[in-house]
Amino acid sequence: MSVFDRNSRLVVDDDQELLALIAELGKRNGYAVLTADTGASFKQILSEHQPSLVLLDLQMADMDGVEALRHLASLGSKAEVMLMSGMDHKVLATARQFGLSMGLQMQAAMQKPVRIVELEAILARHRGERSPLMPEDLRRALDEYELTLHYQPILRRSGHAMEISSVEALVRWQHPVRGLLYAGEFLPLVERENLMTELTDFVLNESLRQVGHWHARGLRLGLAVNLAARTVSDLNFPDRLSRVLQEYTVAPGSLCFEVTEAAAVGDLKLVMDSFARLRVKGVQLALDDFGVGTSSLTQLYKMPYNILKIDQTLIGEMLSSRQAHTVVSALIDLGHKLSLTVCAEGIESEAVYSQLDKLGCDCFQGNYLSRPLPAVALENFVREWNAAQQITSNLLVG
């Protein structure tokens, strides 16, 4: 296979008119477009090129999209993959989830017919430097403070109001060439280079320092941090954490670790040891991304979680799928019966927020409420929101 093609896109579709249109868009805007209208041509192109973006139709005469995803994964493709299909949203979501499970960089899917303006914007967005990130880039980022944190607000019921009671810390990489990179773009490299401990220590130190600063300024916010599998199994981690909490004068109860089930399915005895020590110290634990993949009900009562976070895929399908709505409702009810605080993540619209409110969800998180923000912008947003909610609450009580 050739070196990574920094500025090329591969379009896989048996619609000749669509292929010709995308090729023309590429010619007009200065990027290369490779086209494949059969499974054989798709595989031949990938044997010679490594495109930065693959647009893939799910339905072709001699190869379906799932076969294509499996082939991309077998090659270890680093391309971003975007599905296109006239099939319903649920099929697209399932195929995308399959691609993610195979380790592919799946992007949001598009339903046909595709609007030219939307297609051109997507293709243009992927123009530019797309060469793979290298280990030396990551080590430089850690050494030269290129990593930064953004914070996404989490709403919680408080009497008659919805107050921002905590934030989730999300790591970003301010790359000197590529600009701001999101975690999904570099976490696989962190894992491969065994730098997860260093990254976790950075996130904890920086986020707890910031929370300590907010507390000193009278802004009492809790903090949620994602905990990786490698850290879960580190028996020295609880003691390191205690030292950091003391350094920044943050009470353990202000910190919540979000853990996916995948991160907690290793050595069960080791995981329970680590989780129990964290809970004894007063730290909160949330079972993250619940409701998709390998989610197991046994996690809810075998592990000392006190928060349940419903996965954003389910939340995103609530309005279009009666089944998804039913599952979300059942999970909220189940969480409450197990004395868990239930949080919905990935809320993208007022309609979804309203439905979750009616179902009795406790906490709310998503871009509809606020995208992740730098620390200063987050502080201003929280103060303005909570002040407005306090006025509303006083009016209702009065």
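Which residues touch the most other members of the largest nonpolar core? They are Leu-241, Phe-257 and Leu-356, in a core of 75 residues. The views below start with the whole chain and then go in on single spots. This is a predicted model, where local features need pLDDT of at least 70 and side-chain atom pairs count only at pLDDT 80 or more, while totals for chains, interfaces and linings use all residues. Residues are numbered from 1 along each chain as its sequence is written, and side-chain values use heavy atoms, with hydrogens and water left out.

**View 1. The chain as a whole.** Let's begin with the overall layout. The chain has 16 helices and 15 strands; these are DSSP runs (helices are H or I with at least four residues, strands are E with at least two), numbered from the N terminus. Of its 398 residues, 47% count as buried. Here buried means under 20% relative accessible area, exposed means over 50%, and partly exposed is in between (1.4 Å probe, protein chains only). Take the contacts between residues at least 6 apart in sequence: 69% of them join residues at least 24 apart. A contact means heavy atoms within 4.5 Å.

**View 2. The largest nonpolar core, and a second one.** A nonpolar core is a set of buried Ala, Val, Leu, Ile, Met, Phe, Trp, Tyr and Cys residues joined through side-chain atoms within 4.5 Å. In the largest one, Leu-241, Phe-257 and Leu-356 touch the most other members. Helix 8 (residues 196-216) gives the most to this core, with eight residues. A second, separate core has 22 residues, including Leu-34, Ile-45, Leu-58 and Met-106. In soluble globular proteins, nonpolar side chains tend to be buried together.

**View 3. Around Leu-356.** Now zoom in on one of those core residues. Not counting residues up to four places away in sequence, Leu-356 touches Arg-157, Ile-315, Met-318, Val-328, Ile-332, Ala-344, Ile-347, Cys-361 and Phe-364.

View 4. A cavity, on a 1 Å grid over the protein atoms alone, is a set of points where a 1.4 Å probe fits but cannot get out, and lining residues have an atom within 4 Å of a point. The lining is made of Asp-201, Leu-204, Asn-205, Phe-237, Arg-240, Leu-241 and Val-244. Helix 8 and helix 10 (237-247) each supply at least two lining residues, and helix 10 has the largest share, with four.

**View 5. Val-54 in strand 3.** Val-54 sits in strand 3 (residues 53-57). Its relative accessible area is 0%, so it counts as buried. Leaving aside neighbours within four places in sequence, Val-54 is in contact with Leu-10, Val-12, Leu-72, Ala-79, Glu-80, Val-81 and Met-82. Leu-10 is 44 residues away along the chain, yet the two C-alpha atoms are separated by 4.7 Å.

**View 6. Asp-137 and its partner.** Look for Asp-137 in helix 6 (residues 135-143). Asp-137 counts as buried because its relative accessibility is 17%. A polar contact of 3.3 Å joins its side chain to that of Arg-140. Such a contact is a pair of N or O atoms within 3.5 Å; within protein, one must be able to donate a hydrogen and the other to accept it, and residues adjacent in sequence count only if both atoms are side-chain atoms.

**View 7. Two loop residues with positive phi.** Most residues other than glycine have a negative phi. Tyr-145, not a glycine, has a positive phi of about 60°. Tyr-145 lies in the loop between helix 6 and strand 7 (147-158), and it counts as exposed because its relative accessibility is 71%. Asn-194 also has a positive phi, near 55°. Its loop runs between helix 7 (183-192) and helix 8, and at 48% relative accessible area Asn-194 is partly exposed.

Terms used. On a 1 Å grid over the protein atoms alone, a cavity is a set of points where a 1.4 Å probe fits but cannot get out, and a pocket is an open set with protein on both sides within 12 Å along at least five of seven lines; lining residues have an atom within 4 Å of a point.
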